[in-house]
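Welcome, and please open your viewer with the sequence beside it. We will go from stop to stop, selecting a few residues each time.

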Amino acid sequence: MPHRAQPLSDAHLAQPLAADLDDADFRSEPLRRLWGEEADDALARGLREPILRALGARDDALATLGRLWVLGMPQPTDAVAAALPRLGVTGAVALGLARVDGETVHPEALIRPQSFVDADGVGEWWIASDLDEIALGTSLPADHVLGVGGASRTLAELIVPVPVARALDLGTGCGIQALLVSRHADEVIATDISARALAFAELNAQLNGVHNIEFRLGSLFEPVAGEAFDLVVSNPPFVITPRATDVPEYEYRDGGLVGDALVEEFLRRVPRHLAPGGIAQLLGNWESRAGAGGLERVRSWIDDDLDAWVIQREELTPLGYAELWIRDGGTLPRDAQFTRLLSAWLDDFAERGVTAVGFGYILLRRTAGRPLRRFETLTQPVSNLGRALGAGLAAHDALADGIPRRLTVASDVTEARHLMPGEDDPSVIELRQGGGFGRTVSVDSALAGFVGACDGELTVVQIIGALADLFDVPLADLRADLEPRIRRLVLDGFLLPAAE
């Protein structure tokens with residue numbers, strides 16, 4: 001593979017580049033309007049031709065920069081010079097974003113707009129990263145710096161939206177998480193084992209005018225030894241890759257340890273870097289092995305005195321997992337090396353007795369009270385995940401002194417009753433959550449009656465007393481039956497503490 005330029009972080013060059021991109025209206029919506037929604041969606045599937053057909057012979061600044069840095073295609077030098085009047089072609093070369101060959105400018109990186117929504121509103125970043133497989137025309141090099149992918153977007157949605165003093169983005173990659181966290185943190189430390197990734201991340205901070213991020217080189221927590229943070233976020237290189245000869249290892253996804261040991265090491269070491277009340281959030285893979293389920297193995301890695309909320313979103317067989325990540329590296333079943341790589345993955349799993357590999361989200365919090373311990377599998381769609389996790393933590397805290405005196409039903413909760421034909425009494429009653437985790441809970445008539453009466457006016461004690469009279473059951477028995485289930489509905493967000 002030809003030598004690749006190392007991206008350069010240089011505020012004096014990043015500022016004119018940002019001005020040129022801004023003048024060209026180089027943002028998500030203008031680009032989408034330029035070549036159309038269908039072509040834009042096709043690009044996410046690796047298809048450039050629809051965009052090229054839509055652009056035709058257009059050579060204005062937006063079209064030129066779109067071809068050069070969104071698609072990763074060479075462009076005429078005079079067209080690039082016209083599109084970058086402040087930075088110039090020489091500036092783009094100096095930043096390591098392009099090279100010149102005769103009358104043609106060749107891209108050395110991608111720059112793609114990335115929009116986001118958080119508690120402060122809607123925004124957008126310009127994110128530079130390495131050329132992808134389509135632009136390279138070959139498989140990815142080992143030190144490839146990934147742009148904003150599905151895992152990055154998932155982690156961004158996962159972060160509990162609370163303001164913090166100090167935050168750590170461990171394994172920052174192109175820097176997208178550090179940028180997002182910087183909006184509600186006074187100071188962010190971004191680390192990575194890859195000097196190339198840090199160069200891209202620092203350039204992206206400069207390109208977007210973000211000045212409260214410090215970048216440090218090193219593995220795991222070595223760059224922040226002895227330091228504590230209010231928030232730690234990480235999209236670590238958690239992919240389980242065989243440590244075998246001739247199996248490619250990619251810095252952006254492979255941590256260099258056997259099996260899921262990287263996630264285990266992170267979870268065992270992160271507590272000493274959490275300030276009181278500090279939260280750690282990450283994505284991860286974990287193995288289920290003969291006699292040891294994945295979630296139970298994760299539970300064993302986490303200190304008992306920490307809040308721990310682990311959500312498994314999917315689980316793959318060893319074969320399905322191997323095929324997924326071999327394809328991710330650019331090797332397809334038609335390629336000669338595919339079978340060799342597949343055998344290496346399956347042999348590696350067989351050696352440890354792996355029966356499945358789970359993927360999901362992990363949240364830890366340093367708490368002074370009784371710790372929250374939730375280890376669950378959720379496969380239904382989840383909306384506003386960060387807010388839902390924050391609400392779950394707040395509900396756990398609200399239950400520390402018992403069930404709140406008054407409760408009200410969350411606005412997104414509905415009730416469904418299922419009756420057999422000809423019957424007056426429902427055979428099934430369900431409470432359904434329209435937002436957050438989208439949970440569905442089966443309840444009996446007593447609990448349904450309790451929830452229906454939670455209007456914030458009557459107290460919990462008054463409602464249970466009225467139900468005991470209605471059902472003609474001893475108050476103590478009904479209270480003992482309902483209270484654990486009421487606590488669960490509060491914890492799951494179906495019921496909320498009412499204002500006193």
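A cavity here is a set of points on a 1 Å grid over the protein atoms alone, where a 1.4 Å probe fits but cannot get out. Grid points are joined across faces, edges and corners, and the volume is the space filled by probe spheres set on the points. By this rule, the count is one cavity of 30 Å³ or more.

Before moving on, a word on the model: it is predicted, so local features need pLDDT of at least 70 and side-chain atom pairs count only at pLDDT 80 or more, while totals for chains, interfaces and linings use all residues. Residues are numbered from 1 along each chain as its sequence is written, and side-chain values use heavy atoms, with hydrogens and water left out.

Now select Pro237, Phe238, Val239, Arg243, Gly255, Gly256, Leu257, Gly259, Leu262 and Val263, which line the largest cavity; lining residues have an atom within 4 Å of a point. Sorted by class, this lining has six nonpolar, three polar and one charged residues. Ala, Val, Leu, Ile, Met, Phe, Trp, Tyr, Cys and Pro count as nonpolar, Asp, Glu, Lys and Arg as charged, and the others, Gly among them, as polar.

Next, select residues 185-192, strand β7. Strands (E, at least two residues) and helices (H or I, at least four) are DSSP runs, numbered from the N terminus. Six of the eight residues of β7 are buried, so the strand is largely enclosed by the rest of the structure; buried means under 20% relative accessible area with a 1.4 Å probe, protein chains only.

Two strands pair if DSSP finds at least two bridges between them. Valine 164 faces alanine 185 in β7. From β6 the chain passes through helix α10 (residues 176-181) to β7, a right-handed β-α-β crossover: with the strands pointing away from the viewer, the path from the first strand over the helix to the second runs clockwise.

On to strand β8 (residues 213-217), parallel to β7 and joined to it by five bridges. Valine 188 has isoleucine 213 in β8 as its bridge partner. With helix α11 (residues 195-207), β7 and β8 make a right-handed β-α-β unit.

Last stop: which strands form the open antiparallel sheet? Their order is β15-β16-β17, with β15 (413-418) and β17 (440-443) at the edges.

Terms used. Buried < 20%, exposed > 50% of the residue type's maximum accessible area, 1.4 Å probe, protein only. 1 Å grid on protein atoms, 1.4 Å probe; cavity = no way out; pocket = protein on both sides within 12 Å on 5 of 7 lines; lining within 4 Å.
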